[in-house]
Amino acid sequence: MLSATLHRSSTTVRTSLRRTIATEATTLSSTPPRPQISAAVILNRSPFLTRTPSLFERAYYAYQARVRRALHNPFPFDFYFKQGSLLEKRFIQEERKRERRAFGPQFGKEENVSEEERAATKAALETLAQQEGEGEEIVTRVHPADTSRDYKSLDRHGPRNLYLLLQASEGGRDIWRFPQGGSEKGEPLHQAAYRDLQAECGDHMDTWIVSRNPIGVYKPPPPPSTPSEQLTFFFKAHIMAGQCQPQHASIKDFAWLTKQEIESRVDQHYWDSVKDMLSDY
């Protein structure tokens with residue numbers, strides 16, 4: 001009787017142990033692999049020229065200028081300028097131009113002066129303007145890099161935001177992407193992003209990461225050979241000086257591009273993930 005009881009107990013223990021091992025094996029096999037995390041940098045060159053206003057903006061500002069000029073009190077120029085001086089005459093002449101620009105070319109009355117006096121005043125004002133450095137040629141807003149389509153120049157498209165894009169060889173094909181790389185264990189992502197930026201683009205740029213928090217994430221479709229999920233976190237950065245000098249062998253080219261130019265170079269899935277991180281201007 002005792003031996004039968006011991007036999008049943010040992011059989012129960014073995015059965016329970018087999019069930020426990022099978023449950024653990026099933027749990028381990030069903031656990032998904034950890035995702036592969038990368039850090040990327042959206043390096044931005046901010047505009048250094050004011051944007052050209054649109055037709056609507058110009059019309060609005062012209063209307064506001066007419067309203068202010070119609071409602072404001074007359075400027076007491078006799079208090080600021082000596083009567084009959086060249087400065088007074090220049091102010092009156094410039095004020096007449098501003099009024100005609102606001103209300104039309106027929107606005108205002110012409111001064112009742114002789115032609116000789118008018119010519120003498122004009123010659124004196126031109127001499128005064130030359131002495132004060134006026135009349136110099138204004139530098140054009142179009143840089144030679146714009147006309148030559150030099151995509152590596154930081155001087156192109158002064159009124160626009162430019163972003164650094166790299167042409168890298170990955171998976172047997174050439175793709176355009178932002179600077180990126182992997183992260184080490186225990187390394188903060190913003191530090192990994194800065195390290196990867198220098199590893200791919202060199203240390204000849206004066207840059208800074210705007211925040212420790214990412215501004216977006218990209219989840220590419222996983223390739224068949226890699227079942228684990230891949231996540232790329234993007235960090236915003238600015239460049240103050242220097243230039244990109246690719247250091248990695250897989251980096252074939254680089255370009256400073258606007259948002260619209262980036263769309264034509266990157267994959268559609270990549271573009272759908274990053275387009276809202278870029279400025280339209």
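Student: Asp 196 forms a salt bridge with Arg 195. How far apart are the closest N and O atoms?

Tutor: First, this is a predicted model. Now the general idea. Side chains of opposite charge can pair when their charged atoms come close. Here, the closest N and O atoms of Asp 196 and Arg 195 are 3.4 Å apart.

Student: Is Asp 196 buried or exposed?

Tutor: Asp 196 counts as buried, because its relative accessibility is 6% and the cut-off for buried is under 20%.

Student: And what about Arg 195, partly exposed or buried?

Tutor: Arg 195 counts as partly exposed, at 30% relative accessibility. Arg 195 also forms a salt bridge with Glu 187. There the closest N and O atoms are 2.9 Å apart. Glu 187 has a relative accessibility of 19%, so it counts as buried.

Student: How many salt bridges does the structure hold?

Tutor: The structure holds 13 salt bridges. One of them joins the side chains of Lys 252 and Asp 174, with 3.2 Å from N to O.

Student: Which parts of the chain does that pair link?

Tutor: Distant ones. Lys 252 sits in strand S8, residues 251-257. Asp 174 sits in strand S3, residues 173-177. Lys 252 counts as exposed, at 51% relative accessibility. Asp 174 is partly exposed, with a relative accessible area of 39%.

Student: Next, cavities. How do I find one?

Tutor: Rolling a probe the size of a water molecule over the atoms shows where empty space is left. In this model, the count comes to one cavity of 30 Å³ or more. The largest cavity holds about 30 Å³ of space.

Student: Which residues line the largest cavity?

Tutor: Its lining is made of Leu 197, Gln 198, Gly 202, Asp 203, Met 205 and Thr 207. Two elements give two or more residues to this lining: helix H7 (189-201) and strand S5 (205-209).

Student: How does the lining of the largest cavity divide by class?

Tutor: Two residues are nonpolar, three are polar and one is charged.

Student: Now the backbone. Which phi does Arg 149 have, positive or negative?

Tutor: Positive, at about 55 degrees, although Arg 149 is not a glycine. Arg 149 lies in the loop between helix H6 (144-147) and strand S2 (162-170). Its side of the story on accessibility: Arg 149 is exposed, with a relative accessible area of 59%.

Student: Where does His 157 lie?

Tutor: His 157 lies in the loop between H6 and S2. His 157 is not a glycine either, yet it has a positive phi of about 50 degrees. Its relative accessible area is 26%, so His 157 is partly exposed.

Student: Another loop, then. Where is Lys 109?

Tutor: Lys 109 lies between helix H4 (86-103) and helix H5 (115-131), in the loop. Lys 109 is exposed, with a relative accessible area of 75%. Compare chain distance with space. Lys 109 and Arg 96 are 13 residues apart along the chain, and their C-alpha atoms are separated by 9.1 Å.

Student: Last, the surface. Which residues form a nonpolar patch there?

Tutor: Phe 56, Tyr 60 and Tyr 61. Together they have about 400 Å² of accessible area.

Note on methods: Residues numbered from 1 in each chain as written. Predicted model: local features only at pLDDT ≥ 70, side-chain atom pairs only at ≥ 80, totals over all residues. Heavy atoms only, no water. Patch = residues over 30% accessible without salt bridge, like charges linked within 9 Å, V, L, I, M, F, W, Y side chains within 5 Å. Areas by Shrake-Rupley, 256 points an atom, 1.4 Å probe, with all protein chains shown as cover. Salt bridge = Lys/Arg side-chain N within 4 Å of Asp/Glu carboxyl O. 1 Å grid on protein atoms, 1.4 Å probe; cavity = no way out; pocket = protein on both sides within 12 Å on 5 of 7 lines; lining within 4 Å. Points joined across faces, edges and corners; volume = space filled by probe spheres on them. Helix = DSSP H or I, 4+ residues; strand = E, 2+ residues; numbered from the N terminus. Nonpolar A, V, L, I, M, F, W, Y, C, P; charged D, E, K, R; others polar. Buried < 20%, exposed > 50% of the residue type's maximum accessible area, 1.4 Å probe, protein only.
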